[in-house]
Amino acid sequence: MDAPRLCVISLRYSSWSLRALLPLWHAGVEVEIDTVDLELSHQGLPETIADHDTYVHQAQAELRKRRTLGSVTGCFPVLWVDGTPIHEALAICEWTAERHPEARLWPDEPMERARARALSLEMASGFRNLRTHMSCHPFARVPGFRPDGPTRVEIMRVLEIWRDAYQASGGPFLFGHFGIVDAMFFPVLTRFETYGVELPATLQPYADALHALPAVARWRSLAAEEPHLPVYDDYIRQLGGRLLERHEILPA
Ligand SMILES: N[C@@H](CCC(=O)N[C@@H](CS)C(=O)NCC(=O)O)C(=O)O
């Protein structure tokens, strides 16, 4: 088998690419990382075009272009294994867990495993406000950010999930050892850091454990070299935030 190829959007920003990558690295899978060169002037396909025929035409053209870059649906990440694409970050995580049971990416106990899967799916399908208004930018800080009501409700739900799972397992991760569910929530932790959402003191050890993971340190070093995408940097500036300096991303 050739090394699998993971097609990603710049790892400076791409939360879904990061969710797929952390379990891969944690399980010791070496992947060739292919950061696609997309000119993102907006997030997603061009939804603002009013005329439906023009929209369909442009969206299809964009999809064709993205498929030449390794995408299936127009989104990334996609893991290519021996010529077959696996899209959806959670499906990539499942592939990794099945290939590497010794990495214990899901809890061993069946009911725990069901709960970890439920929380991972809740993350993958929900938290729309948090994802929209607190766009993933781990290497930026937005002081004084005030989330709106629906976003605050979602923040409270995340903190509830973390608190309950962490208390039940005793840490250091949500279900004891690191797993896919932690990878799903890691980009939420970086969002909390970017937008100044305070963690209760009881959850700080969880944040510390995530940051201390070798896979996270490896991502940080790689991501610091990844391309800037103006659409995401501009969003931070519009909010009055700032991009971190290199020495703040990679302290000596
Ligand atoms: N449900 C997909 C979501 C993937 C996704 O939204 N990826 C973002 C990057 S983090 C993307 O490709 N965005 C393309 C765009 O904004 O046009 C998954 O889990 O992989």
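Modeller: Let me begin with A209, which touches G171, P172 and F173 once residues up to four places away in sequence are left out; two residues are in contact if their C-beta atoms, placed from the backbone, lie within 7 Å. Please keep in mind that this is a predicted model, in which local features need pLDDT of at least 70 and side-chain atom pairs count only at pLDDT 80 or more, while totals for chains, interfaces and linings use all residues. Residues are numbered from 1 along each chain as its sequence is written.

Colleague: Which helix does A209 lie in?

Modeller: A209 belongs to helix α8, residues 204-211; helices (H or I, at least four residues) and strands (E, at least two) are DSSP runs, numbered from the N terminus.

Colleague: And why does A209 count as buried, exposed or partly exposed?

Modeller: A209 counts as partly exposed because it has 17 C-beta neighbours inside 10 Å. The rule is that a residue is buried if 20 or more other C-beta atoms lie within 10 Å of its own, exposed if 12 or fewer, and partly exposed in between, with C-beta atoms placed from the backbone.

Colleague: How far apart in space are A209 and I249?

Modeller: From C-alpha to C-alpha they are 18 Å apart, and in sequence A209 and I249 are 40 residues apart.

Colleague: Back to P172, then: what kind of peptide bond joins G171 and P172?

Modeller: That bond is cis, with omega about 0°, and P172 sits in the loop between α6 (149-169) and α7 (180-195). Another cis peptide bond runs from F76 to P77, with omega near 15°, and P77 is in the loop between α2 (52-68) and β3 (78-81).

Colleague: What about the backbone at D82, what is its phi?

Modeller: Phi of D82 is near 45°, which is a positive value in a residue other than glycine. D82 lies in the loop between β3 and β4 (84-87), and D82 counts as exposed because it has 7 C-beta neighbours inside 10 Å. E88 also has a positive phi, near 75°, and is again a residue other than glycine; E88 is in the loop between β4 and α3, and with 17 other C-beta atoms within 10 Å it is partly exposed.

Colleague: Changing topic, which domains does the chain have?

Modeller: The assignment gives domain 1 (5-101) and domain 2 (103-249), with bounds that come from an automatic or database domain assignment. The C-alpha centres of domain 1 and domain 2 lie 20 Å apart, and 23 residues of domain 1 are in contact with 26 residues of domain 2.

Colleague: Which helix gives the largest share of the side of domain 1 that touches domain 2?

Modeller: That is α1, with 8 residues; α1 (15-26) and α3 (89-99) each supply at least two residues of that side. The residues there divide into 12 nonpolar, 9 polar and 2 charged, where Ala, Val, Leu, Ile, Met, Phe, Trp, Tyr, Cys and Pro count as nonpolar, Asp, Glu, Lys and Arg as charged, and the others, Gly among them, as polar.

Colleague: And the chain overall, how many helices and strands are there?

Modeller: There are 11 helices and 6 strands in the chain, and buried residues make up 32% of its 252 residues.
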